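Good morning, and thank you for coming. Please look at the sequence and the structure on the screen while I speak.

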Amino acid sequence: MLLVRIFRGGCRGREAVKELWSRSVHSDRVRHQSTQVAMQDLAQEDSAKPEDAKPDLSPKKNPVCSYNEWDPLEEVIVGRVEGACVPPFTVEVKANTYEKNWSFFVKNGGKPFPNEHMRKAVEEVEEFCNILKHEGVNVRRPEPVNWSEVYKTPWFESPGLYASMPRDILLVVGDEIIECPMAWRTRFFEYRAYRSLIKEYFQAGANWTTAPKPTMADELYDQEYPMRSVEDRHKLAAEGKFVTTEFEPCFDAADFMRAGRDIFAQRSQVTNFMGIEWMRRHLEPKGYNVHTISFKDPNPMHIDATFNIIGPGLVLSNPDRPCHQIDMFKKAGWTIVHPPTPEMPDGHPLWMSSKWLSMNVLMIDPKRVVCDSNEVATQKMFEKLGIKTIKVNLRHANSLGGGFHCWTADVRRRGGLESYL
């Protein structure tokens, strides 16, 4: 419309057009010159920046790398006692504990564990961390959480349990951290204590996978699971009956034992076949073999106090819980070692475990092992195997349900991927 009006003005209009055109060209030249100057200024600023201010795109050493249970240990997560809460006496807790302790859960479910006992457990775990550091291992810890707070989902409500056993929730396979879904309702949100650590590892280059979270609806559990005695448990286990059903995948990391390309899993009270199948489909395309093995165990829950691989072709096999597939290992030339009877006193409270925590050891490397300072016979067994024992007392911490292997999750071991079977 402006140009129309200008042309209607005759010569004066044409002169106005020339003036507008001249102004436009001059403006464009000024803008072009300004842009060139600005680009030159930016180039000069970039050249003036220090070299270290530029993005570092060079390859970094992955902070997460572990293929087995015995290569030299460089970094480990050690659990926390603080904030631990007694689980309510639900059907899955009943199926994983012994009758003599049931009244303890009925009375104290949802409350903190006994204060004086926990005070001693804290001291033990802190000393354990100090000893690991002295042996050259970098120790990381989960965040403190108040586990007595009750949470609610569409399917249940429950307090939490603890962040004491990182081996139960975190499985490191190569450069990948697998955050496992768990099977107890009290452990549904246990990952909270480890999230800041896992995010740190992820940002530094680790792969991070979270397995499908189960709803933990009533259908996941056999609400009428019948057992009161060891005999009942033996019969049910022999029949392949467990408190967890096949309603949806569930598994604890501690039901998997790593030996390079071969990973061994057991169907237990907390790990179902759907969970093992999820792990198989996830890991086998990456070159791993997931084997399901079983034991004569009246109460299978976590494999590392039953079948603990401590070196290439070297395994501690619980004499009270023989492996049904042991010939597979013998044919491969493995050495099967049956650890001695545990020396833990009968009166010591073990609310969620058995005395066989004596074989729940942590290998620092193939020639060094952390084991219970009270288990003299077990120490002698390792000495005969040519393995130096690093003696640590964790008795009060044992009461929460785990030994040295359970209380830790190895993040980085110095070694590569090999086949041992």
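Predicted model: local features only at pLDDT ≥ 70, side-chain atom pairs only at ≥ 80, totals over all residues.

The side chains of glutamate 69 and arginine 167 meet in a salt bridge, with 3.6 Å from N to O. A salt bridge here is a side-chain nitrogen of Lys or Arg within 4 Å of a carboxyl oxygen of Asp or Glu. Glutamate 69 sits in the loop between helix H2 (11–48) and strand S1 (73–78), while arginine 167 belongs to helix H6 (residues 166–169), so the pair links distant parts of the chain, 98 residues apart. Helices (H or I, at least four residues) and strands (E, at least two) are DSSP runs, numbered from the N terminus.

Residues are numbered from 1 along each chain as its sequence is written, and side-chain values use heavy atoms, with hydrogens and water left out.

Are the two partners buried or exposed? Glutamate 69 counts as buried because its relative accessibility is 3%, and arginine 167 is buried too, with a relative accessible area of 6%. Buried means under 20% relative accessible area, exposed means over 50%, and partly exposed lies in between, with a 1.4 Å probe and protein chains only.

Glutamate 69 has a further salt bridge, to the side chain of arginine 258, at 3.0 Å from N to O. Arginine 258 lies in strand S8 (residues 256–259) and glutamate 69 in the loop between H2 and S1, so this pair ties together parts that are 189 residues apart in sequence. Arginine 258 is buried, as is glutamate 69.

Next comes the pair of glutamate 375 and arginine 395, whose side chains meet in a salt bridge at 3.2 Å, N to O. Glutamate 375 is in the loop between strand S15 (368–372) and helix H11 (376–384), and arginine 395 is in helix H12 (residues 395–398), so the pair ties together parts 20 residues apart in sequence. Both glutamate 375 and arginine 395 are buried.

Salt bridges can also share partners: in this way Glu74, Glu75, Arg140, Glu200, Arg412 and Arg414 are joined into one network. How many salt bridges are there by this rule? The count comes to 29.

Angles run from 0 to 180 degrees between N-to-C directions, and axes are lines fitted to C-alpha atoms, for helices over the stretch in contact.

Contact means heavy atoms within 4.5 Å.

Within the sheet, S1 and S17 pair in the antiparallel sense over five bridges. Two strands pair if DSSP finds at least two bridges between them. The bridge partner in S17 of valine 76 is aspartate 410, and that of valine 78 is threonine 408. Why is strand S17 (residues 408–413) described as largely enclosed by the rest of the structure? The reason is that six of its six residues are buried.

A further open sheet of three strands has the order S14-S15-S16, again with mixed pairing. Strand S14 (362–365) and strand S16 (388–392) stand at the edges, each with a single partner strand, so one side of each is left without a neighbour in the sheet. Here the twist averages 30 degrees from one strand to the next. S15 and S16 pair in the parallel sense over five bridges, and aspartate 372 stands opposite valine 392 in S16. H5 packs on this sheet as well, touching S14, S15 and S16, and the direction of H5 makes about 150 degrees with that of S16.

Let me finish with one residue. Histidine 282 has its place in helix H9 (residues 273–283). At 17% relative accessibility, histidine 282 counts as buried. Leaving aside residues up to four places away in sequence, histidine 282 touches Glu176, Ile178 and Thr209.
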